[in-house]
Amino acid sequence: MRSADGYTLLETLWALLLSVALLAAFLGATDNIQRWGMELNQLLERDRNATLAPLLLTRWVYSAGNNRWTGNWPGWSLESGYLQVRSDVDGPGGFPDRALNESYEDISLRQSGADLQLKSGAGSFQPVLKNISAFRPDPSPPLVTLRLQLQTDQPLRSTGAPGTTEFELDLYLWNYRPNLFPEAP
Amino acid sequence: MAGNSSGYILITAVLLVLLLTGLLLGLHMEAAAQWMLARNVGGQLYSLVLAENGVECARALLPHVDLNELLAGQDGRFSGTARPQWRSPVTFEEARTLCPETWTPAVDDGLPFPDGALVSGRYLAPGGGSFFLRFSNNPEEPPERDSDQIVIVRSLGLVPAGLRDLSPGSAINDVTLIEARFRQELSFLLPSPLTLMGGSGAFEWAGSEFWIHGESEFAVSVASSAGPGLLEDLINSLSVEQRDCLSGTGHRPSVRDASELFESHPAHRRLLAPAFWQHFLEELPRWGRRAPDTVWWMPEGGIIDQPFSGLVLAQGNLQLQESCLITGLVLHLGAGEVTLQDEAQIRGGLWLCDAASSPDPSSAGPLRLRLRDRACIVYDRAAIRYALKSFPPTQLGWRILFPEMSG
């Protein structure tokens, strides 16, 4: 029985070499997996915003034009670089009060940098959705189309370019539904 | 080498498996989170769609209901405004946890009951969703009594409980509440069987056996912003014998200047405004092409030679053939004349104005009407009301309500 008193230098060196090779192969394999995982995270984060966008946009713009026949303001207008949406939906008594001074009654939406930004009333633009690289409203009430282009935070390592996706949200603005009789009393 | 089987590939393999398991677990969690987010957003969007459908259902119902009966409910008694969120079919808090199958309304105020059958206010939709409706009076009037034909309807769309997260008791319904304000259109609820609006008229009466009968109302009401010219043209066109053919309340002929009535009645007053006719005539062709079967839209005029029940809207020369019977309302908007041949009948009302040729119909003219022998127009308010159900309610507002809003 040979005594287990260690390895020779040559055996050790061979073992180290083999370990390095195995580790390199192992890390090479896991590196790909990690890269895929990271890219998947980026894409999922982008898609998370894409999932939320219709709900948020609907909440902000769907009541556009409410009560506009009592005032002299358009409910939906494209200004230079941003979309302005006005809607008299609330007041002290819980009903429209012919003034656009409640939250989100007079909002502007624009795309800036990598964000969709929103301004309410006289406030300043604040980011509300990230990963938005383009925002194109097509204003023709009652049926309007909001086109968004979303992209990942960083370029994807596999392609070298940001992962982009586009979607369109078609909204029927009910306050622009034609009436046979005029709204004015 | 015998007996030395030590090695470390097992450890390597175990580490690899652990790493892969970790990565896959992370991926699974991401996917699950994404799925739940999409499911919740989908549920919320579907509840919005259901609420929209509720508003459209209310729009279709509204012309067919008596508003004061609707506000009081089937029991005929308005239950007051003490309940929280009393205008809504269900409160937000209750809606998030209610079971649609077992829900019953607390009161019947604002719930329609067509033909006496109370509609619970809950309407089923595909995918297990529902929408709930309740009508109430507009805040400018007392809650129990309507006089301006304006009502509010609240439609709550509900999608049954879905998981919010993995914690117990996190399931809540997705809920959206939409409020719309509508006005029933009764501007053309004519006060007489024959109602004229304009500045002048050319009338031709054949014989003395035609008949315009107002029952307990005047046979002819005239509204004008151009003075008594139209009324004078009408009276001067009648021979002494023919004056008896216009019967109803008051002297013979039973005619009156209804200009003050139109000025004082909110629903009629707008008919004197040029802006009303500009809008109405602009929208009429598009609506007329898609109008229901109870509407006969004749933009170029024409001949009616068969019985019809409902609403006739016409421009140009309109002729009712012999023995033709119209039950309902005939609105002639100008650019021609109206002729009732022998024994043609209108049971309900006939309106003449010249909106098609003039921006201000209340002073335009001449209105042209010919009645042959034994033609008759008999006042029937119920028939006019029936015809007016064909007009859609006017939408005055539409908004999404959120829990943080009061009212």
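A polar contact is a pair of N or O atoms within 3.5 Å; within protein, one atom must be able to donate a hydrogen and the other to accept it. This definition is needed at the first stop of the tour, which concerns a predicted model.

**The interface of chains A and B**

Colour chain A and chain B separately and select the region where they meet. Here 15 residue pairs are in polar contact across the interface, with both residues at pLDDT 80 or more. On the side of chain B that touches chain A, at least two residues each come from α1 (9-61), β3 (150-162), β4 (172-183), α8 (274-289) and β20 (394-401) of chain B. The largest share belongs to α1(B), with 17 residues. By type, this side of chain B holds 27 nonpolar, 10 polar and 15 charged residues.

Now show every residue that takes part. In chain B, 52 residues are in contact with 41 residues of chain A. The size of an interface is often given as the accessible area lost when the parts come together. For chain B and chain A, about 4,200 Å² is buried between them, and 65% of that lies on carbon and sulfur atoms. Select Gln34(B), Trp398(B) and Arg399(B) next: these residues supply 14% of the area that chain B buries against chain A, more than any other three residues.

**A salt bridge between the chains**

How many salt bridges are there between chain B and chain A? The count is two. To view a salt bridge, select Arg59(A) and Glu404(B), whose side chains meet at 2.9 Å, N to O.

Switch to a surface display and select Leu18(A) and Leu22(A), together with Tyr8(B), Ile9(B), Leu10(B), Ile11(B), Val14(B), Leu15(B) and Leu18(B); they make a nonpolar surface patch of about 900 Å². Both α1 (9-61) of chain A and α1 of chain B supply at least two residues of the patch. Which helix gives the most to the patch? That is α1(B), with six residues. Leu22(A), for its part, lies in helix α1 of chain A.

**Backbone details in the loops**

Return to chain B and select Pro253(B), in the loop between β9 (246-247) and β10 (255-257). The peptide bond from Arg252(B) to Pro253(B) is cis, with omega near -5°. Continue to Pro366(B), in the loop between β17 (345-352) and β18 (367-371) of chain B. The bond that joins Gly365(B) to Pro366(B) is a cis peptide bond, with omega near 5°.

Finish in chain A with Arg98(A), in the loop between β2 (82-86) and β3 (106-112). Although Arg98(A) is not a glycine, its phi is positive, at about 65°.

Terms used
Residues are numbered from 1 along each chain as its sequence is written. Chains are lettered from A and ligands numbered from 1 in the order in which they are written. This is a predicted model: local features need pLDDT of at least 70, side-chain atom pairs count only at pLDDT 80 or more; totals for chains, interfaces and linings use all residues. Side-chain values use heavy atoms; hydrogens and water are left out. Contact means heavy atoms within 4.5 Å. Buried area is the accessible area (1.4 Å probe) that two parts lose on being put together, summed over both. A salt bridge is a side-chain nitrogen of Lys or Arg within 4 Å of a carboxyl oxygen of Asp or Glu. A polar contact is a pair of N or O atoms within 3.5 Å; within protein, one must be able to donate a hydrogen and the other to accept it, and residues adjacent in sequence count only if both atoms are side-chain atoms. Helices (H or I, at least four residues) and strands (E, at least two) are DSSP runs, numbered from the N terminus. Ala, Val, Leu, Ile, Met, Phe, Trp, Tyr, Cys and Pro count as nonpolar, Asp, Glu, Lys and Arg as charged, and the others, Gly among them, as polar. Patches are made of residues with over 30% relative accessible area and no salt bridge: like charges are joined within 9 Å, nonpolar side chains (Val, Leu, Ile, Met, Phe, Trp, Tyr) within 5 Å. Accessible areas come from the Shrake-Rupley method with a 1.4 Å probe; for residues, only the protein chains shown count as cover.
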